[in-house]
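Please examine the sequence and the model shown below before reading on.

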Amino acid sequence: MTDTQPRARPPRQEQEPASEEVTEVAPGVLRMQLPIWMPGLGHVNMYGLADERGIAVVDPGLPGPQSWKALKQRLKTAGYRVKDVHTVVVTHSHSEGEARRVEMEAAAYAQSVDIPPDELPTIDEPDVVRDDTDETESTSSPWGAKTPWGTTNQGPPLKRRLMIKALRVLFTPPEPTDRVHHGERVRLGGREWFVVHTPGHTVDHVCLWDPEVGTLLTGDHVLPSITPHVSGVRKADSLKSYLATLDLVARLQGVQVGLPAHGHPFSDVAGRVEAIKEHHAERMELLRRAGLALGPATVVALSHEVFPKRHWGTMAESETFAHLEHLAHEGEAERWEEKGMLVYRMAPVAGVA
């Protein structure tokens, strides 16, 4: 390879394949990696918290024979069996909710964090961040349904869609027996954790914070080297919710280690939050420039300006839509509908003709 040839970027840590190793990553917290079949990811971290009753697990992966086999093997390595698991905690869902209902819920959440930066909520103010998680689902549109910006959600390739449908028959997701709420205390691993509701990646996302030893289970809210996906929803500013709750977790006192759903444990949660916020600021600036250059444009057209071709599709459009809606809510863009498609036009920069 010459210096003029492009160099292949090494895989991000979230893309590393699942290791069979079981490690204690915080006092009383075991990390067990499971394989995952979602694009762009190599593993999911299942965390185990042991107590006198057995073990509680957090985020035990996606359904499938490979994941189930790995889960049993990891538990065995840690000295447990499946029947020793007394509690399963899920930080967020990726189910296909009814788009219209989810949009209304997301709008309420966005409004709930519409507060000045100096009045951001703390864990002692559960009334500031809405905790109506009883009715929440993910913000995705079902395959074949119309997206909020006017296209049709094609979903993954046919082979993967068929596999997912088959897995739904073999592995029926259980109904939650208890839904937790922002500020609520839950006892796991012999000590208390606080629930921190963090809508953005999904409407129902929560983190778990243990102030006693400074451990924060971040789920997909804060990842160590990739930026979590934020889906847009119509008539709501999901990106604003995400940015506000990023600040919320960054303000938690005494956090020593962040334990993500993918990737390795990391120490500087507040620093990683700032890096993610900078990414979104850069993305919005890129969108502003693209929008000013193109003039009125659809979400699809604008997504092609800010994402490389290999990433074009519903996911890129969804994140572009989230940023465009944020700009529209901030008065930096206007939108209207033409032939069933949303069209955006950037507001001119003050002082520039």
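A search of the whole structure finds eleven salt bridges, a salt bridge being a side-chain nitrogen of Lys or Arg within 4 Å of a carboxyl oxygen of Asp or Glu. The structure is a predicted model, in which local features need pLDDT of at least 70 and side-chain atom pairs count only at pLDDT 80 or more, while totals for chains, interfaces and linings use all residues. Residues are numbered from 1 along each chain as its sequence is written, and side-chain values use heavy atoms, with hydrogens and water left out.

**The chain as a whole**

The chain has seven helices and 13 strands; helices (H or I, at least four residues) and strands (E, at least two) are DSSP runs, numbered from the N terminus. Of the 353 residues in the chain, 47% are buried. Here buried means under 20% relative accessible area, exposed over 50%, and partly exposed in between (1.4 Å probe, protein chains only). Among contacts (heavy atoms within 4.5 Å) between residues at least 6 apart in sequence, 63% join residues at least 24 apart.

The mean pLDDT of the chain is 83, and 76% of its residues reach 70 or more; pLDDT is the predictor's confidence in each residue, from 0 to 100. Over residues 96-139 the pLDDT is below 50, although this stretch has 100 contacts in the model beyond near neighbours in sequence. Where pLDDT is low, the predicted coordinates should not be read in detail.

**Salt bridges**

| Pair | Distance, N to O |
|---|---|
| Arg-191 and Asp-210 | 2.4 Å |
| Arg-335 and Glu-325 | 2.7 Å |
| Glu-330 and Lys-240 | 4.0 Å |

The side chains of Arg-191 and Asp-210 meet in a salt bridge. Arg-191 belongs to strand S7 (residues 191-197) and Asp-210 to strand S8 (residues 206-210), so the pair ties together parts that are 19 residues apart in sequence. Both Arg-191 and Asp-210 are buried.

Arg-335 forms a salt bridge with Glu-325. Because Arg-335 lies in strand S12 and Glu-325 in helix H7, this pair ties together parts that are ten residues apart in sequence. Arg-335 is partly exposed at 35% relative accessibility, whereas Glu-325 is buried at 1%.

Glu-330 forms a salt bridge with Lys-240. This pair links distant parts of the chain, 90 residues apart: Glu-330 is in the loop between helix H7 (314-329) and strand S12 (333-338), and Lys-240 is in helix H4 (residues 238-250). Glu-330 is partly exposed, with a relative accessible area of 39%, and Lys-240 is partly exposed at 22%.

**Two individual residues**

His-280 lies in helix H5 (residues 269-294). Is His-280 buried or exposed? Its relative accessibility is 0%, so His-280 counts as buried. Leaving aside neighbours within four places in sequence, its contacts include Thr-227, Tyr-242, Glu-319 and His-323.

Ala-50 is found in strand S3 (residues 43-51) and counts as partly exposed, because its relative accessibility is 31%. Beyond its neighbours within four places in sequence, Ala-50 is in contact with Gly-28, Ile-55, Tyr-80, Gly-189 and Gly-190. Ala-50 and Val-85 are 35 residues apart in sequence and 9.1 Å apart in space, C-alpha to C-alpha.
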